[in-house]
Amino acid sequence: MIHVKTKIDRADKDLIAELGTFSAATIHEAQGRKGSLHPAIKPIDRDMKFCGSAFTVKCHPRDNLMLQVAISYAQPGDVLIVSSGDQAAGQFGDVLANACVARGITALVTDGGVRDTREIRELGFPVFSKHVYIEGTVKESLGPINHPLVFGDQVIYPGDVVKGDCDGVVVIRREEVAEAIELSRARDEAEAGYIERYKQGETPLEVSNLTALLEAKGLVVE
């Protein structure tokens, strides 16, 4: 078995940057309400956001050996997607966050735990995790890097694009990034139009054409 795969296809950097201008919720809705990670995975600071290429890592529970390997091989712009068995242990802290910044890594997303959150926030490195916990980890077990990963209720392939912000995290297939940009742009433009109609005095029933639907369902208004 090859533990660490270093040759992965990534989306064009300009396309990733453009996709990153849209919110995670917009992208999720625009691409057909797919790709959202489990809502328990949250940023340690609501102002944190990122968009980059998935660099997948599987660690054994309460073990961060392969996370350290991944940081050593990840490329600038990559997002570390770290599966660790949904265990509340502090597998990542400010020391490794500084290592990520030094290597140009964009963010870390884990279903495990992190600690030193104040220092990480001050550093400005985006971290999304399921747990915040002070308990430490060991460095014992090997695992796969840049293999397809079941993570946060999604299947993530190395090189997929991942966008995260205060509302959550969404995965976009690498080959669908350009389409996701166009769909997201169209959705933003449509929503801007709805907001303008509200400002002009129209109601949600009018803007969303809900009157006939509500009549068919038998809505009774006093």
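How do the residues of the lining of the largest pocket divide into nonpolar, polar and charged? There are 9 nonpolar, 4 polar and 2 charged. Here Ala, Val, Leu, Ile, Met, Phe, Trp, Tyr, Cys and Pro count as nonpolar, Asp, Glu, Lys and Arg as charged, and the others, Gly among them, as polar.

This is a predicted model, in which local features need pLDDT of at least 70, side-chain atom pairs count only at pLDDT 80 or more, and totals for chains, interfaces and linings use all residues. Residues are numbered from 1 along each chain as its sequence is written, and side-chain values use heavy atoms, with hydrogens and water left out.

Stay with the pocket. Its volume is about 200 Å³. A pocket is an open set of points on a 1 Å grid over the protein atoms alone, where a 1.4 Å probe fits, with protein on both sides within 12 Å along at least five of seven lines; lining residues have an atom within 4 Å of a point. The volume is the space filled by probe spheres set on the points, which are joined across faces, edges and corners. The lining has 15 residues, and Leu37, Pro39, Asp167, Gly168 and Val169 lie nearest the centre. Helix H2 (24-30), strand S1 (42-43) and strand S10 (168-172) each give two or more residues to this lining. Helices (H or I, at least four residues) and strands (E, at least two) are DSSP runs, numbered from the N terminus.

Now find Lys163 in strand S9 (residues 161-165). Lys163 is buried but has no salt bridge. Buried means under 20% relative accessible area, exposed over 50%, and partly exposed in between (1.4 Å probe, protein chains only). A salt bridge puts a side-chain nitrogen of Lys or Arg within 4 Å of a carboxyl oxygen of Asp or Glu. For Lys163, the nearest side chain of opposite charge is Asp165, 4.6 Å away. The Lys163 side chain does reach the backbone oxygen of Gly20, at 2.8 Å.

Elsewhere, the structure holds 11 salt bridges. One of them joins Asp78 and Arg10 (2.9 Å, N to O). Asp78 sits in strand S3 (residues 78-83) and Arg10 in the segment before helix H1 (13-19), so the pair links distant parts of the chain, 68 residues apart. Asp78 is buried at 0% relative accessibility, while Arg10 is partly exposed at 29%.

Asp160 and Arg173 also pair up (2.6 Å, N to O). Asp160 is buried at 3%; Arg173 is partly exposed at 23%. Finally, Glu18, Glu182 and Arg185 are linked in a network of salt bridges.

Terms used
Lys and Arg count as positive and Asp and Glu as negative; His and the chain ends are not counted. A polar contact is a pair of N or O atoms within 3.5 Å; within protein, one must be able to donate a hydrogen and the other to accept it, and residues adjacent in sequence count only if both atoms are side-chain atoms.
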